[in-house]
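Please look over the model shown below. This report covers its fold totals, some helix packing and a few local backbone features.

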Amino acid sequence: MDLVDAVRHRLNPSAAAPTVLELDLSRGVINSAPSTPREALQSLHAPTMRAVREGLRAAADDESVAGLVIHAAEGQLSMAEADEIGALIRAFGEHKPTLAYAESFGELTTGMTGYRLASQAHQIWLQPSGGVGLNGVVAGVTLFRGTLDKIGVEPEFAQRHEYKTAANQFAAHEVTEPQREMMQRIVDSILDDTIALVAERRSLDPVAVREAVDSSPLTAVEAERRGLVDRIGYRDEAYAWAKENWGRASDDGPEVTLRYVHRWAKEHVGGGVLQQWRDKKRPAIAVVGVHGGIVSGPTTPGGIGGQSAGSDTVCAHLRAAGSDPSVKAVVLRVDSPGGSYVASDAIRREVIRLRESGRPVVASMGAVAASGGYFVSMGADTVLAAPTTLTGSIGVLAGKMVTTGLTDRIGLVRDEMSAGENATMFSSLHPFSETERAKLDAWLDEVYDDFTHKAAADRKLPYETLEPLARGRVWTGADAVTHGLVDQLGGMDAAIDRACELAGVDREAIVTRGVSAVPFLSQFRAAESSEAPHAHAALGSSPLETVHGALGGSPETVVRRLAGALGLEISGVLALPYRITVG
């Protein structure tokens, strides 16, 4: 220790000690700015994806940072989020050592998501009592038709085309062959990608990894024998090893300063009020979020149906980005199963207008960007997805629940008076007539034709090539790249790189900032016009009020809300009502 270090150490004993960053994923990560008090409280303890991204990028070149320890906890991340963080860990690992530890990768459950992330680190430590559950991938299908028959509810839906199976959950008595084919390919694609990733990162034969999958769950000893983990040890032993190997020797033993990545990033990358004011003067990549079901009107923060992405709000944010001279490009971050056709089309229009203004737009897909989520993404200059992103689903569906059988059984009398030839077309008191069914079919054909032709134009594919890939079929990101529906694989970090490349700006010279976060007090200030972003801030409305407000307390509302609580809500004609959860 030289004189300068000795003085610094005496004044501040931790000042000269190297910093070991910690990434604790036990509480998950936050992908968007908090919109409720609960989310704001959560943000005090869970890292944001932005803080992790910017912190690891800066720390990779910081001489005071010695390495990174990752707590690869189970159950808090989607596989797409795990892959995005895994890519950041891998990039950091090109400069500094990394170590991932876990109590277990699955305890009587599959632990594939956590293990995929941990495999990006140089070392994997596993608690002696833990295990590795690379059990595989399962996509469950639940069909309510038999139950609806028993309670006297008759679903009437139409869809375009055979792979647009969202309505099957209500209308089908059994899994159709197209649905089985599509979902089998999805799970095969996810497993194939996992095996390839693990084999590459662990320097293993893919055949050996597949054998490990087929033998899972594995004990810690068996996982170590197969080369899936490096060391068996408890958390304290993993930390002691890191301190011994990455720390600075002293009379009292090795010394390190432990810091959470997001806390370190706040001090070294910025985030204070003064820094935010300075950042407004710098060239920026603006981030606009599309999170949740796509609906017309304002974005709403939550409820039984979860967060919604209101087209009024999203479009206002895109216009705000286009009118800000400091914004050089926009990243459209999409994590949405879709919803309203009209709302999706409005958002796509603003994306196109933004591009026409000379600002590149890059779409970054999260866990799901399907149907309407794909619709809003496809017009970007470049579209990126994670290998496990659920996307595509270029198709359309519509219908209603006929509940007269249910109301008759419970003795409820319902009647209606109408004016207009087609006023009761979507009434739940009677099935579609032949005329009404013809109108519905014509409209579905029109929407499908519009969707597929716009997708072909946006993706610069011949219609004859695009249409067979549509038909309502869901693809993983890995397969979507192969078919040209997506341009490249990657997360938000890769999307920002691509946006900088298209805009011709240096990544290190720009800042990324969201335009989706409306300051809380701004929501109470009267907007001067619809061009103001806070003109479309929602105060307290829920997705159920937005989507189903006109339905009142009718029996079909009860059915839909029950389905929504089970995660099976159809929020619009461009909707994907399910997600595949792994690990």
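The sections below go from the whole chain to single residues.

## Basis and overall content

This is a predicted model, in which local features need pLDDT of at least 70 and side-chain atom pairs count only at pLDDT 80 or more, while totals for chains, interfaces and linings use all residues. Residues are numbered from 1 along each chain as its sequence is written, and side-chain values use heavy atoms, with hydrogens and water left out.

The protein has 23 helices and 22 strands. Helices (H or I, at least four residues) and strands (E, at least two) are DSSP runs, numbered from the N terminus. Of the 583 residues, 53% are buried. Buried means under 20% relative accessible area, exposed over 50%, and partly exposed in between, with a 1.4 Å probe and protein chains only. Take contacts between residues at least 6 apart in sequence: 75% of them join residues at least 24 apart. Contact means heavy atoms within 4.5 Å.

## Cysteines

How many disulfides does the structure hold? The count is 0. A disulfide is a pair of cysteine sulfur atoms within 2.5 Å. Cys-315 counts as buried because its relative accessible area is 6%. Cys-500 is buried too, at 2%.

## Helix 3 and its surroundings

Helix 3 spans residues 49-59. Its buried residues are Met-49, Ala-51, Val-52, Arg-53, Gly-55, Leu-56 and Ala-59. They pack against strand 1 (19-24), strand 2 (65-71), helix 4 (79-93), helix 12 (261-268), helix 21 (492-503) and strand 21 (511-514).

Helix 3 and helix 4 pack at about 15 degrees, with axes 9 Å apart. Helix 3 is therefore roughly parallel to helix 4. Angles under 35 degrees count as roughly parallel, over 145 as roughly antiparallel, 65 to 115 as roughly perpendicular and the rest as oblique. Axes are lines fitted to C-alpha atoms, for helices over the stretch in contact, and angles run from 0 to 180 degrees between N-to-C directions. The crossing of helix 3 with helix 4 is left-handed. A crossing is left-handed if the near helix is turned anticlockwise from the far one by less than a right angle, and right-handed if clockwise. Helix 3 contributes Met-49, Val-52, Arg-53, Leu-56 and Ala-59 to the contact, and helix 4 contributes Glu-81, Glu-84, Ile-85, Leu-88, Ile-89 and Phe-92. By class, that contact has 8 nonpolar, no polar and 3 charged residues. Ala, Val, Leu, Ile, Met, Phe, Trp, Tyr, Cys and Pro count as nonpolar, Asp, Glu, Lys and Arg as charged, and the others, Gly among them, as polar. An α-helix has 3.6 residues a turn, so residues three or four places apart point the same way.

## Two further helix pairs

Helix 8 (residues 177-202) and helix 9 (residues 206-215) have axes that come within 9 Å and cross at roughly 120 degrees. That angle makes helix 8 oblique to helix 9. Helix 8 passes helix 9 in a right-handed crossing. Leu-191, Asp-192, Ile-195, Val-198 and Ala-199 of helix 8 meet Pro-206, Val-209, Arg-210 and Val-213 of helix 9. The contact holds 7 nonpolar, no polar and 2 charged residues.

Helix 15 (residues 341-356) packs on helix 18 (residues 434-459) at about 25 degrees, with axes 13 Å apart. Helix 15 is therefore roughly parallel to helix 18. The crossing of helix 15 with helix 18 is left-handed. Helix 15 uses Tyr-341, Asp-345, Arg-348 and Ile-352, while helix 18 uses Trp-443, Val-447, Asp-450, Lys-454 and Asp-458. By class, this contact has 4 nonpolar, no polar and 5 charged residues.

## Loop residues

Is His-173 buried or exposed? His-173 counts as exposed, because its relative accessibility is 56%. His-173 lies in the loop between helix 7 (168-171) and helix 8. Leaving aside residues up to four places away in sequence, His-173 touches Leu-143, Arg-145 and Asp-149. Leu-143 is 30 residues away along the chain, yet the two C-alpha atoms are separated by 6.9 Å.

A cis peptide bond joins Ser-216 and Pro-217, with omega about 5 degrees. Pro-217 sits in the loop between helix 9 and strand 7 (218-219).

## Positive phi

Ser-393 has a positive phi near 55 degrees and is not a glycine. Ser-393 lies in the loop between strand 17 (390-392) and strand 18 (396-402). At 2% relative accessibility, Ser-393 is buried.

Arg-471, also not a glycine, has a positive phi of about 55 degrees. Its loop runs between helix 19 (463-466) and strand 19 (474-476). Arg-471 is partly exposed, at 23% relative accessibility.
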